[in-house]
Amino acid sequence: MNIFKKSKGLTLILLAALLLEVISGIQYYYTHGMLEEELEKRAEAELTTKVILTRSNLNLAVNSLNGHLWDVMRNIHHPDSLFDVAECVLRSHPNLLGCGIAFEPYFYPQKGRLYEPYAYWHNNDVVKSQIAGDHHDYTQNASYQEAIRQKKSVWTEPYYYEEAKTSMVTYAQPLKDANDSIIAVFMLDLSTDWLGDTLNYRQLYPSSYTLLLSEHGNLIAGPRATEKNEEDIQRIISFVNDSVTDKLLCHTENSRTYSFVGSKGDEAFVFCTSFKNNPKWQMVVVCYEDEVFGPLRDVRVNILLMMLVGFAIMGFIVYRFFQNERNLNKTLLKQTRIESELHIARDIQCRMLPMTYPPFPDRTDVDVCGSLVPAREVGGDLFDYFIRDEKLFFCIGDVSGKGIPAAMLMASIHSMFRAFSGHDNDPAHIMHRINESACQGNDNNMFVTMFIGMLDLPTGRLRYCNAGHDRPVVISRDDAKQLEALSNLPVGVFDDIRFEREEYVLPPNCTLFLYTDGLTEAMNPKHEQFGLKRLMLPLARIGDQLQAHQLLEAMTQAVKVFIGDAEQSDDLTMVAIHYTPQSDEATLVDGIELKSDIKEVPLLNDFVKKVTEKIGLDKSLSKQLRLAIEEAVVNVMSYAYPPETLGDIKIKAMYNRRFIKFIIIDSGRPFDPTEAVKADTTLSAEDRPIGGLGIFLVRELMDSINYERVDGDNILTLRKDIEQ
Amino acid sequence: MNAKVEEIEGKLIATLEGEMDTAAAVEAEEKLKPLYTSNGKDVIIECKGLEYIASSGLRILLGILKGARANGSSVTLRNVNPDIKNVFQLTGFINIFNFE
């Protein structure tokens, strides 16, 4: 039953099928009735026709006989010539079996008691013979006796005549003399076979047959006996003769219709009519029901089959239709789900970007703002910025293509940027590593244009690497020009290209403006692009007067006004970095120069102790400083110079109200302790590596560490904020 | 700084006094060698007089701990002052050593 619940279509089809079945049943019923009526009419007509036919056949014979009556009377005194008369009758009626005149006993004394001149057909010729004799005493025959008795012409009951080896009926007409007394009986013998054949020559239905019954209900003529009808015929005869009317279906003026069940259980219609005049015979037509209604039943079965097939096809079509509907719905649902997931993806994507403003509220030397106005589809633009060790790391990128693949690549590049720049201070190297990763497994041939920069906040030195991206604009007082940069290839194209690092020193109070091509390629309804010129003009005019977020708002507005009603085709991504270094006036407290030998560590510690005492820092803080400085310097001692070489290490202590700074300078190989990976302090004893603690402690104990390589020197600046 | 190792009642007692900066740690490492191979004896490090420790010193302590653990013996630090405890805290050493 569940299938019905699930599929309304199938239920509908089945109901329709049922309805059609009912209608078809009603139709069948009526057609059946009509056929029966039709049959009765036809049967009636058949009966009438056959009666007429038989009658005419009989009449022909009788008329022939009557026509030769005077012939007989004329030749009455010539008994031998009577053979010719009989012959004459026969010849004019090939269908008669025989013809004869049976005289009253001793009518012709010379002929003896019995005299019957007789002619009959034999082997297609007429044979004349006097058949009366001791073996054939016609006076004993029913035909003779009846004619004599009734004193008029009679048709006899059917009988079997041994000599002729056939059944026959006889027409016996008494001949009278002038005195009206019977002298002879003129007889015609009719073959019942012939009668039967004539009657059964054409039938209403193949198995139908016609029976001719005598006045006394004996079978005169019928169809050739076959296996099928023999038993039935006997039963029908007794059935009809019973004249019990409970099987009577219909009784009209001329005929009666009975329903009859045959020996094999097959039903039949039995139509009877009686001859009105002598002989009072009965004509019976039998039609078997399965023949009458057979075609109807066949039609019905065929229609049923066709209906079933039709319904099966319909059912199939409906099923497929509903299945299509369901699939369509599923697809629609899937699409809606995909769209909503795209939406969510878009959201997540945007959330990954640094959106809080201001991002570094405690800082006075830099202000950064980024914005991404997404296009309708999920895109692949990204930007990021963060500060580590007094350096501002930032990037902006544009993934080729749209949709989920672009978004996913964007997300992965974003996280790579964060991961790699956590301990790598070379933008070109970061770019190289990102490129390596992006080229692996990049089946979609997607690429990313990118710009990575690292701004050393104390010095304004910008180190950067460009990979096919639009060059940022440096905005200073009344001037906006693009940063000189190599274009290189985008990331994700070839895994063996070299990226070059470039440098530029940002002047104080300038703004670095980064953007993606969503900006310059924004189109208005006239299919004009926003373009670089339209970008540079407002930047030059007002760029340096605005704060970072104001600048972005202004530019966003400018683009929106430009594109008007046209749809935004690409993400609108911008980053503004406003660099306002403060001159941190700090006084030099003291300085010391050491050799890169561990043995000099106590000297270092004394130095730090002296400095902290001079400033007046508390003991705890002093101890911390000592530890931090020691670790940092020991690091330099261990790695800056080649082993067995002693190099110089200069340490300066600077301080003001807000902080104390220690600057460690050596001229050894380039070594950036800030690039070291952070130690994991959660590991168990067994898993802790022996090394890696030094720089970790420096970071933990100091508030900021900053490394720069300047003119062959490593400059490490450690700063601790103090409240005074 | 001073470092000495004694065996008392089947335990190895190490006493550290003074400031264990990187240079001092290099020297003390020699003296503390027996502690690396404690051979199942528990180790107690007396830190009452320890005023300062750098990462090299921490490294030595870690080495002693690893060795002792391998033998199934324990390492206990006694009377560690707050400043040094703070360093242990920063480095996560506070979770891997026993303190008294």
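These questions and answers walk through a predicted model with chains A and B.

Q: What ipTM and pTM does the model score?
A: This is a predicted model. Two scores describe it as a whole. They are ipTM 0.91 and pTM 0.61.

Q: In which element of chain B is confidence highest?
A: Chain B averages a pLDDT of 87, and 99% of its residues score at least 70. The lowest confidence in chain B falls in helix 2 (residues 33-36), at a mean of 81. The highest, at 91, belongs to strand 3 of chain B.

Q: In what order do the elements of chain B run from the N terminus on?
A: Chain B holds 4 helices and 5 strands. Read from the N terminus on, they give β-β-α-α-β-α-β-α-β.

Q: Which strands are the edge strands of the sheet in chain B?
A: The sheet is open and has 5 strands, in the order 1-2-3-4-5, with mixed pairing. An edge strand here pairs on one side only. That holds for strand 1 (2-8) and strand 5 (98-99) of chain B.

Q: What share of the contacts in chain B with a separation of 6 or more comes from residues 24 or more positions apart?
A: Chain B has 100 residues, and 41% of them are buried. Now take its contacts with a separation of 6 or more. Residues 24 or more positions apart account for 73%.

Q: Which helix of chain A gives the most to the side that touches chain B?
A: In the interface, 22 residues of chain A are in contact with 20 residues of chain B. The elements of chain A that give two or more residues to this side are helix 14 (601-615), helix 15 (619-639) and helix 16 (693-701). By class, the side has 9 nonpolar, 6 polar and 7 charged residues. The most, 6 residues, comes from helix 15 of chain A.

Q: Why do the buried residues of helix 5 of chain A lie on the same side?
A: Helix 5 (residues 192-200) of chain A buries Thr192(A), Leu195(A), Gly196(A) and Leu199(A). In an α-helix, residues three or four places apart point the same way, because there are 3.6 residues a turn.

Q: Which strands of chain A do the buried residues of helix 5 pack against?
A: The buried residues of helix 5 of chain A pack against helix 2 (8-74) and also against strands. Those strands of chain A are strand 6 (166-176), strand 7 (182-191), strand 8 (209-213) and strand 9 (219-221).

Q: Which residues does a cis peptide bond join?
A: Look in the loop between helix 8 (294-352) and strand 14 (366-373) of chain A, where Pro358(A) is found. Omega is about -5° for the bond. It joins Tyr357(A) and Pro358(A).

Q: Is Glu390(A) buried or exposed?
A: Glu390(A) sits in the loop between strand 15 (381-388) and strand 16 (391-399) of chain A. Its phi is positive, about 65°, although it is not a glycine. A residue is buried if 20 or more other C-beta atoms lie within 10 Å. Glu390(A) has 21, so it is buried.

Q: Is His527(A) buried or exposed?
A: His527(A), not a glycine, has a positive phi of about 60°. It is found in the loop between helix 11 (517-520) and helix 12 (531-542) of chain A. It has 7 C-beta neighbours inside 10 Å, so His527(A) counts as exposed.

Note on methods
Residues are numbered from 1 along each chain as its sequence is written. Chains are lettered from A and ligands numbered from 1 in the order in which they are written. This is a predicted model: local features need pLDDT of at least 70, side-chain atom pairs count only at pLDDT 80 or more; totals for chains, interfaces and linings use all residues. A residue is buried if 20 or more other C-beta atoms lie within 10 Å of its own, exposed if 12 or fewer, and partly exposed in between; C-beta atoms are placed from the backbone. Two residues are in contact if their C-beta atoms, placed from the backbone, lie within 7 Å. Ala, Val, Leu, Ile, Met, Phe, Trp, Tyr, Cys and Pro count as nonpolar, Asp, Glu, Lys and Arg as charged, and the others, Gly among them, as polar. Two strands pair if DSSP finds at least two bridges between them. pLDDT is the predictor's confidence in each residue, from 0 to 100.
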